[in-house]
Amino acid sequence: MPLLEKVRIELFIPDLPDPIYTRLLEELGDELSYAFGGCTVTPTQGKYRSTAGSILPDKINILFTDTPLSWEKDRLLLEQYTTALQQVVQQVLRNEEAILIAVYPIYHVE
């Protein structure tokens with residue numbers, strides 16, 4: 001079976017009790033669903049090192065979508081789109097040290 005190239009966009013959003021995080025997750029989910037036809041949210045846990053050097057527990061939601069875009073052909077469009085997403089997230093979550101957005105090619109079996 002042939003492989004179909006897609007590009008996955010993942011956003012790592014902290015899972016904190018402040019309602020702004022829930023609202024942002026909902027809005028981003030709507031955006032990705034509108035733009036690419038759907039998305040998935042996976043709650044998970046990890047750890048991170050704060051700027052002060054402490055290792056802290058980290059509850060996060062990974063929001064991801066597979067796009068019909070090509071890694072090679074649509075690179076500029078992907079950079080512009082993810083930069084716009086990052087700017088929105090930074091404006092909404094001003095107190096966060098870092099928000100990770102990962103973008104990479106994946107292959108689906110047709």
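I took a patch to be made of residues with over 30% relative accessible area and no salt bridge, with nonpolar side chains joined within 5 Å. The model I worked on is predicted.

**Entry 1, surface patch.** Which residues form a nonpolar patch on the surface? I found Met1, Leu3, Tyr107 and Val109. Together they have about 520 Å² of accessible area. I then looked up leucine 3 on its own. Leucine 3 sits in strand S1. Its relative accessibility is 56%, and I call a residue exposed when the value is over 50%, so leucine 3 counts as exposed.

I counted salt bridges next. The count came to three.

I started with arginine 8 and aspartate 66. Their closest N and O atoms are 2.6 Å apart, and they form a salt bridge. Where do the two residues lie? Arginine 8 belongs to strand S1 (residues 3–14), and aspartate 66 belongs to strand S3 (residues 55–67). The pair therefore ties together parts that are 58 residues apart in sequence. Are arginine 8 and aspartate 66 buried or exposed? I noted both as buried. Strand S1 thus came up in two of my look-ups, with leucine 3 and with arginine 8.

I turned to arginine 23 and glutamate 27. Their side chains meet in a salt bridge at 3.7 Å, N to O. Both are in helix H1 (residues 19–36). They are four residues apart, so about one helical turn separates them. Arginine 23 has a relative accessible area of 55% and is exposed. Glutamate 27 is partly exposed, at 43%.

I checked arginine 75 and glutamate 79. Their salt bridge spans 3.5 Å, N to O. What separates the two along helix H2 (residues 75–92)? I read off four residues, which means about one helical turn. Arginine 75 is partly exposed, with a relative accessible area of 40%. Glutamate 79 is also partly exposed, at 40% relative accessibility.

How many aromatic pairs does a search of the whole structure find? I got one. The pair is phenylalanine 36 with tyrosine 81. I recorded 5.4 Å centre to centre and 80 degrees between the planes. The pair is edge-to-face, because planes over 60 degrees apart count that way. Phenylalanine 36 lies in helix H1 and tyrosine 81 in helix H2, so the pair ties together parts 45 residues apart in sequence. I logged both phenylalanine 36 and tyrosine 81 as buried.

How values were computed. Residues are numbered from 1 along each chain as its sequence is written. This is a predicted model: local features need pLDDT of at least 70, side-chain atom pairs count only at pLDDT 80 or more; totals for chains, interfaces and linings use all residues. Side-chain values use heavy atoms; hydrogens and water are left out. A salt bridge is a side-chain nitrogen of Lys or Arg within 4 Å of a carboxyl oxygen of Asp or Glu. Buried means under 20% relative accessible area, exposed over 50%, partly exposed in between (1.4 Å probe, protein chains only). Patches are made of residues with over 30% relative accessible area and no salt bridge: like charges are joined within 9 Å, nonpolar side chains (Val, Leu, Ile, Met, Phe, Trp, Tyr) within 5 Å. Accessible areas come from the Shrake-Rupley method with a 1.4 Å probe; for residues, only the protein chains shown count as cover. Rings of Phe, Tyr and Trp (its six-membered ring) pair if their centres lie within 6.5 Å; planes under 30 degrees apart count as stacked, over 60 as edge-to-face and the rest as tilted.
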